[in-house]
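Please open the structure in a viewer and keep the selection tool ready.

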Amino acid sequence: MLAKGVSKYHKTTLLQQYSNVKFCPLSKNGTGEFYGKYFFWEFDAKPTVLSKTYKVLIIFHIDNYSPDVFVLNKDIWEVSKSKSIPHLYDHKKIRLCLYYPSYNEWNTNMPLCNTIVSWTYLWLYFYEEWLYSNKWKGGGIHPESSKEEENENIKNTPKQLIIEQRKKKKQDSVKNIINEIYLKRKSIYMQNENSNG
């Protein structure tokens with residue numbers, strides 16, 4: 001048994017994570033690009049033989065704790081406009097909530113294929129069940145930001161505030177990169193959908 005906080009996984013580089021999704025049996029039907037500090041991988045996922053096929057986009061930046069996972073299909077976006085889909089971080093972009101970060105269920109050393117990609121299939125399976133039953137049967141907890149976290153900066157010293165401002169600037173830069181990739185891939189997907197259908 002491992003001591004608390006010790007991972008059974010070895011340090012995993014971003015390039016290894018990219019290779020992991022590229023050769024993963026669940027996502028090897030996709031395409032992507034590696035840019036050194038981040039990568040994206042886009043693949044088709046079909047949670048059951050009776051399911052529709054979903055276009056999934058994973059974007060992982062080295063300065064972000066975890067990858068962002070989006071579903072690009074237009075029909076799921078249409079559902080989100082009329083119903084509040086459970087376990088999403090962003091209802092406009094259909095950014096999936098796959099695990100509860102406070103429980104340390106995932107860390108950057110865990111292979112994406114065994115975790116994030118597999119959990120995406122599970123999320124899609126429970127999403128389809130939810131469409132039918134209107135009950136989320138996938139369990140889990142969806143984190144909400146608390147007022148204490150939002151007001152924490154008020155107690156900080158000037159030095160801590162400068163560090164927090166730098167950290168926020170870096171996070172904003174990462175969010176901008178992720179948003180640019182998302183918008184570009186979504187646009188390409190929608191153009192292909194419109195020309196095929």
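Is cysteine 113 buried or exposed? Select this residue: cysteine 113 is buried, with a relative accessible area of 10%; buried means under 20% relative accessible area and exposed over 50%, with partly exposed in between (1.4 Å probe, protein chains only).

This is a predicted model, in which local features need pLDDT of at least 70 and side-chain atom pairs count only at pLDDT 80 or more, while totals for chains, interfaces and linings use all residues. Residues are numbered from 1 along each chain as its sequence is written, and side-chain values use heavy atoms, leaving out hydrogens and water.

Cysteine 24 and cysteine 113 form a disulfide, with their sulfur atoms 2.1 Å apart; a disulfide is a pair of cysteine sulfur atoms within 2.5 Å. Cysteine 24 lies in the loop between helix 1 (14–23) and strand 1 (31–34), and cysteine 113 in helix 3 (residues 113–133), so the pair ties together parts that are 89 residues apart in sequence. Helices (H or I, at least four residues) and strands (E, at least two) are DSSP runs, numbered from the N terminus.

Now select Phe39, Phe43, Ile85, Leu96, Ile116, Trp123 and Tyr127, which touch the most other members of the largest nonpolar core, a group of 33 residues. Such a core is a set of buried Ala, Val, Leu, Ile, Met, Phe, Trp, Tyr and Cys residues joined through side-chain atoms within 4.5 Å. Helix 3 gives the largest share of this core, 8 residues.

Finally, select Phe40, Phe70, Ile178 and Met190, which are among the 12 residues of a second, separate core.
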